[in-house]
Structures are given as structure tokens and as C-alpha cells.
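The sequence and structure come next.

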Amino acid sequence: MSTAVVVEAPGEHRLTAHEPVPPAAGEALVRVHAVGVCGSDREVYQGNRPEGYVRYPLTPGHEWSGTVAEVGAGVPAGLVGRKVVGEGFRNCQVCDRCHAGETTLCTAGYEETGFTQPGAMAATLTLPARLLHVLPDDADLTAAALLEPAACVAAAALKANARPGERVAVVGTGTLGMFAVQFLRAGSPAELLVVGTRPDRDKLSRTFGATDFRTKDQELPADFDVVVETAGSASAARTAVSLLRRGGRLVLTGIPAPGAEGLDPTDLVVRQLEVHTVFGAPPEAWAHTVRVFGAGLLSPLPLVTHELPLTGFAEAIELAGSGDPSVGKVLLRP
């Protein structure tokens, strides 16, 4: 019998029998191949997710890959058997933001797979077929399970609009940071600096295309055209700002803890910095990610260090928050 993880309340989870939900009109049933564990899943388990952004009891899992097993009425039958990944935001499709393609800003309210809607830490996942992105037939589904965080970084890269020959930098060396290096490298920068707290990430950063690596306690330059911050701390945001030339472009993707001291607005104005933020990934970023992945320009597998069965959920949560430099991306395999 197949199983699913259910978080009943903060700190309480169980494995339960899983029955696939037949797809209704416009939906698809996906056999889950792998699901990633990230800091947001740890927030769900620990009860640190902001109010309104989680609904218990819940099956987590918003980073996933799989194969379409069945489709409902109105969905092309040709999807059955295709390898897919899927967007998490359950947007309304009819508000002005959705019509503008900014589905992560849907005015109908927040609904997301793995947070307020059942996620992929189960044998199957049923969701609106319009959220699916089809992968090449030869795609590695284990690697594809990381395309959700990659799509969030793709959204940042698109907002950064780095032009060939510009000097770009990434602050943060986690999964998001390593994806940022890969996306920015594809734009042919003159220089690609990575700044982080983990010296052990130097080699991997350079493998992905970085031209320089420094820790925050080393001397840092201050004349970059574009900086993408991925570390999720107020200090990382301030470091990112310090790297920019006047008129430079900053994209913030991390979410610091509540109460963190922010950036100096006077500095932002006087230096005429262009500041963008990213929360989730709209369809454009997903489509870009799948294209880049399909073209072989994105390498998620080197980031995966642990693969566990669903029964290892508690261990996976601990690994994801351990701070152990030997722990990269943790995947669960239903």
C-alpha cells in the first residue's frame, strides 16, 4: 500500500495510507518520482510559517517531479505518460495580475501546493493540469525534482536582466545560490563573483561558472552591475547592496526572519539602486527553467547529497536544517 506524509500540526507528523485522488475536469494525476525538502518544509513542520501561508493538517511537498498517470475531462490525453514538473501557486486566472502573467501576485488570495493544498510527499499528486510543464522524454526525473527552486532563481535572473559583459555577483551558496550562478553564467558575464559563508563551496561555485569566490570576512569589491541575493538573511542583503556600483541592480530572493533590520533607504536612493524581489515563480520563469534544463545548461544533480524514502521524513527535516556542510539537497522518494 502506498503512503503519504501528513503534518497534523507543528511538530506532529505521521505516515498514512495514500489513495490517489481521481482527476476532475481540468486536472491531472501525477505519479511522484521525487520530492525535495527545503527550508519552507522545515518551517511547516516547526510551525514557523507565517499565518495564512500554511493550512494544517497538510501533506507537504512543493518541489517535485513525476509522470502523468491520468487526466480529467478537458485535458489533452497526450499528457499521459509524459514527464512533468509543476507550478505551486494555485492562481485564479481571472484577476488583473493573473492576466498580466504575474500569477504569484494573484489577488484572489494565497493557495500553494504543499502549503495550503496537498503536496507531493505522497505516491501521487492531483493538481490542475494547466500548472504542468512537460519535460523532454529523456529528462532525469531525480534532477528535475529541483526545478522548483531553480524556477524561483530563474525569476530573479529574468528580473536582474544581466547583459553580456556585465559584472555580476551572487550572495549565498545554498541551492538557490548555486542555481543563480548557473543562470547568470549563461548570460556571458565579464565576471561572476560568489560571496558566502562556506569556503567549501568555492570549488562547486567555480564548477558552475563562477570566476571568483570570497567569504564575507574577505575584502569585497563595490562596483558590480548586478547582484542576486539568495541567502535569506538581513546581513546577506546588506552585503549584496555593498557590492553594487551606483545605479546597479539588486534582486532579493531570501526571506529574513521577522524583525530583521532592513536596508538603508537613504543609501538606496542616493546611489539610485534598482531593487527587485522574488517570491515564487510565475509561468515565464518556469518555462525559462524547463528550456534551460532541457538544453543541458542547468545541472541540479551535483546539489543532491541525500535520497530517503518517505519514512525518512523526520530525518530529512533534520538534515535540511542541520547546517552540516556535507548536506546539500535532500530528496524523498515515494
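## Loop residues

Gln93 sits in the loop between strand E5 (83-86) and helix H2 (96-99). Helices (H or I, at least four residues) and strands (E, at least two) are DSSP runs, numbered from the N terminus. The phi angle of Gln93 is near 75 degrees, a positive value in a residue other than glycine. The model is predicted, so local features need pLDDT of at least 70 and side-chain atom pairs count only at pLDDT 80 or more, while totals for chains, interfaces and linings use all residues. Residues are numbered from 1 along each chain as its sequence is written, and side-chain values use heavy atoms, with hydrogens and water left out.

Another loop, between H1 and strand E4 (63-71), holds Pro57. The peptide bond from Tyr56 to Pro57 is cis, with omega near -10 degrees.

## Packing of H4

Two packed helices are described by the angle between their axes and the distance between the axes. Axes here are lines fitted to C-alpha atoms, for helices over the stretch in contact, and angles run from 0 to 180 degrees between N-to-C directions. The axes of H4 and helix H5 (residues 175-185) come within 9 Å and cross at roughly 50 degrees. H4 is therefore oblique to H5; angles under 35 degrees count as roughly parallel, over 145 as roughly antiparallel, 65 to 115 as roughly perpendicular and the rest as oblique. The crossing of H4 and H5 is right-handed (a crossing is left-handed if the near helix is turned anticlockwise from the far one by less than a right angle, and right-handed if clockwise). On the H4 side, the contact (heavy atoms within 4.5 Å) is made by Pro149, Ala150, Val153, Ala154 and Ala157, and on the H5 side by Thr175, Leu176, Phe179, Ala180 and Phe183. Nine of these residues are nonpolar, one is polar and none is charged. In this scheme Ala, Val, Leu, Ile, Met, Phe, Trp, Tyr, Cys and Pro count as nonpolar, Asp, Glu, Lys and Arg as charged, and the others, Gly among them, as polar.

H4 also packs against H9, at an angle of about 110 degrees and with the axes 8 Å apart. The two helices, H4 and H9, are therefore roughly perpendicular to each other, and their crossing is right-handed. From H4, Leu147, Glu148, Ala150, Ala151, Ala154, Ala155 and Leu158 meet Glu284, Ala285, Trp286, His288, Thr289 and Phe293 of H9. The contact of H4 with H9 has nine nonpolar, two polar and two charged residues.

## Packing of H1 against H10

Helix H1 (residues 39-46) and helix H10 (residues 313-320) pack at about 115 degrees, with their axes 9 Å apart. H1 passes H10 in a left-handed crossing. Asp41, Arg42 and Tyr45 of H1 meet Phe313, Ile317 and Glu318 of H10. By class, that contact has three nonpolar, no polar and three charged residues.

## Pocket and cavity

On a 1 Å grid over the protein atoms alone, a cavity is a set of points where a 1.4 Å probe fits but cannot get out, and a pocket is an open set with protein on both sides within 12 Å along at least five of seven lines; lining residues have an atom within 4 Å of a point. Grid points are joined across faces, edges and corners, and a volume is the space filled by probe spheres set on the points. The second largest pocket holds about 400 Å³ of space. Its lining has 18 residues, of which Thr104, Lys159, Thr277, Val278 and Phe279 lie nearest the centre. Helix H4 (147-160) and helix H9 (283-294) each supply at least two residues of this lining, and the largest share, three residues, comes from H4. By class, the pocket lining has nine nonpolar, six polar and three charged residues.

A search of the whole structure finds one cavity of 30 Å³ or more. The largest cavity has a volume of about 60 Å³. His62, Gly88, Phe89, Glu112, Glu148, Cys152, Gly280, Ala281 and Trp286 line the largest cavity, with four nonpolar, three polar and two charged residues by class.
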